[in-house]
Amino acid sequence: MQHEIIIAGFGGQGVLSMGKILAYAGLMEDKEVSWFPSYGPEQRGGTANVTVILSDQRVSSPVLNEFDIAIVLNQPSLDKFENTVKPGGILIYDGNGINNPPKRKDIEIYQIDAMNIASTEGMAKTFNMIVLGGLLKVSPIVKLESVMAGLKKSLPERHHKLLPMNEKAIIRGMEIIHKQ
Amino acid sequence: MPEEIKLMKGNEAIAYAAIRYGADGYFGYPITPQSEIMETLMDEMPWETTGMVVLQAESEVAAINMVYGGAACGKAVMTSSSSPGISLKLEGISYMAGAELPGLIVNVMRGGPGLGTIQPSQADYFQTVKGGGHGDYRLITLAPASVQEMADHVALAFDLSFKYRNPAMILSDGVIGQMMEKVKLPEQRARRTEDQVRQEQTWATLGKPDNRKPNIITSLELDSSVMEKNNQRFQAKYKLIEENEVIYEEINCEDAEYLIVAFGSAARISQKVVDLARAEGIKVGLFRPVTLWPFPSKRLNTYKDKVKGILTMELNAGQMIEDVKLAVECNVPVEHYGRLGGIVPSPTEVFEAFKSTFIK
């Protein structure tokens, strides 16, 4: 089994770190993982994206042009990646600032208003974890406890006190994601 | 999950592997996409544990000359940079080859020419394996295709460079440098002691004892008859390396009717192309040179009567293709596909190119 995922949004939204946490969770489950970021100068204020692959076998290409799951967090990313989802795949998007919602009929489309919840419920710092929660709800590619274990491993010890608020955000994301 | 398996970037793997090899020194100057090598070394502060020196030089030229100096003392020393920075180091690399000094140079390639882009590229193939600097010299060249190989090739490159007293290069690119994968780091080795260096590197300039003449490390020889002998000695050494140190990987090659030849990140993409082709019933295999010099010409030659066509996939305008054509003595159609200037093609793009080239 192989899951090929693209996460895209504005630089600063936590796109790369969401991918990293997903990769660490895969590591906790003894999967083969690859994480390949866009590392261009466009990351500051522009668009950032990361390709994460979780697999039971050795990962071949870390660079892909079609995905099982696309998580898009702004309009430019939606425009760029909607057509890269494989037929039958999953598209998750944050509704904030989206004027042209996704139109495809051959994929499962989910909306998660994580940006809205993050600002109204005081979870701005864990915005990306809300989105990750949404992903885990519609496609449980890794277990919640693996995510938490991965988070613990990837965060320096002085930040471990932040783990509960991250878990809370993930669970909130699971609650608010809905089919378009 | 075994404790020692970690998730890290290729660049970070180089840094950790250097410390664990027991390297004596790193000298570098930052440049994207390889800056994490020095960043990681600075974070780890190995000067407080193994005693390894980590120094940010004032320029790439200074860094390679520090490597020359360290190597002349028999030390295991290294530098790293990306394409434009490597161009600056070439004078020093040629001098190291001429003075028969070991040492590791890492190139995490980006798109050129000139200052170019910061995105991945493999356009320094010619520069690395066909000379680059002046004079008849060869650079032992390893092309890692995974984060694990980034770690493993550090020890391999150092060992080969000491075995033959010749500089060695790890030729990587922005994809392998920036991506994170699982890696198992090697065991920590102790740095060679001063006594060990004196015993093993008898040529090193570490101070002259009474019982021998002074060691001289230089690439200069004004007497051409002696310089020709030096060159003949280098050539004999290069021949030995070509005979003994070739490394390659073959994936699905046994029954292949077509081959893709690719190294580094292009090989990873091509591995997926092989899967796509096999899913459509087309028998494609991947031949991956791990050493770019010495090039696996002999092994590739054995395919000249077996396959109908060879595609080289490179992130450049077609450089390794020349060595592939030489290897098969032009007995098989050899074509090239590549993207330029930092663009990384997708597996389906390469597969379409393969099909339009060979399956009409």
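The model is predicted.

**Entry 1: chain A overall**

I began with the secondary structure of chain A. I found six helices and seven strands. I then read along the sequence and noted the pattern β-α-β-β-β-α-β-β-α-α-α-α-β. Next I looked up the radius of gyration of chain A, which is 15 Å. The globule rule gives 16 Å for 180 residues, so chain A is as compact as a globular protein of that length. I also noted the box filled by the C-alpha atoms of chain A: roughly 40 × 40 × 35 Å along the principal axes.

I checked burial as well. In chain A, 51% of the 180 residues count as buried. Then I turned to contacts in chain A between residues at least 6 apart in sequence. Of these, 60% join residues at least 24 apart.

**Entry 2: the sheet in chain B**

What is the strand order of the open sheet in chain B? I read E3-E2-E4-E5-E7-E6-E12, seven strands with mixed pairing. Strands E3 (53-56) and E12 (291-293) of chain B stand at the edges. Each has a single partner strand, so one side of each is left without a neighbour in the sheet.

Strand E4 (residues 77-81) and strand E5 (residues 103-109) of chain B run parallel and are joined by four bridges. For Ser80(B), I found the bridge partner in E5(B) to be Val106(B).

**Entry 3: helices on the sheet**

Which strands does helix H4 (residues 83-98) of chain B touch? I list E4, E5 and strand E7 (167-173) of chain B. The direction of H4 makes about 160° with that of E5(B). I looked up helix H6 (residues 147-164) of chain B next. H6 lies across E5, strand E6 (140-142) and E7 of chain B. H6 runs at about 160° to E7(B).

Nonpolar side chains tend to be buried together in soluble globular proteins.

Note on methods: Residues are numbered from 1 along each chain as its sequence is written. Chains are lettered from A and ligands numbered from 1 in the order in which they are written. This is a predicted model: local features need pLDDT of at least 70, side-chain atom pairs count only at pLDDT 80 or more; totals for chains, interfaces and linings use all residues. Two strands pair if DSSP finds at least two bridges between them. Helices (H or I, at least four residues) and strands (E, at least two) are DSSP runs, numbered from the N terminus. Two residues are in contact if their C-beta atoms, placed from the backbone, lie within 7 Å. Axes are lines fitted to C-alpha atoms, for helices over the stretch in contact, and angles run from 0 to 180 degrees between N-to-C directions. The radius of gyration is taken over C-alpha atoms; the globule rule is 2.2 Å times the number of residues to the power 0.38. A residue is buried if 20 or more other C-beta atoms lie within 10 Å of its own, exposed if 12 or fewer, and partly exposed in between; C-beta atoms are placed from the backbone.
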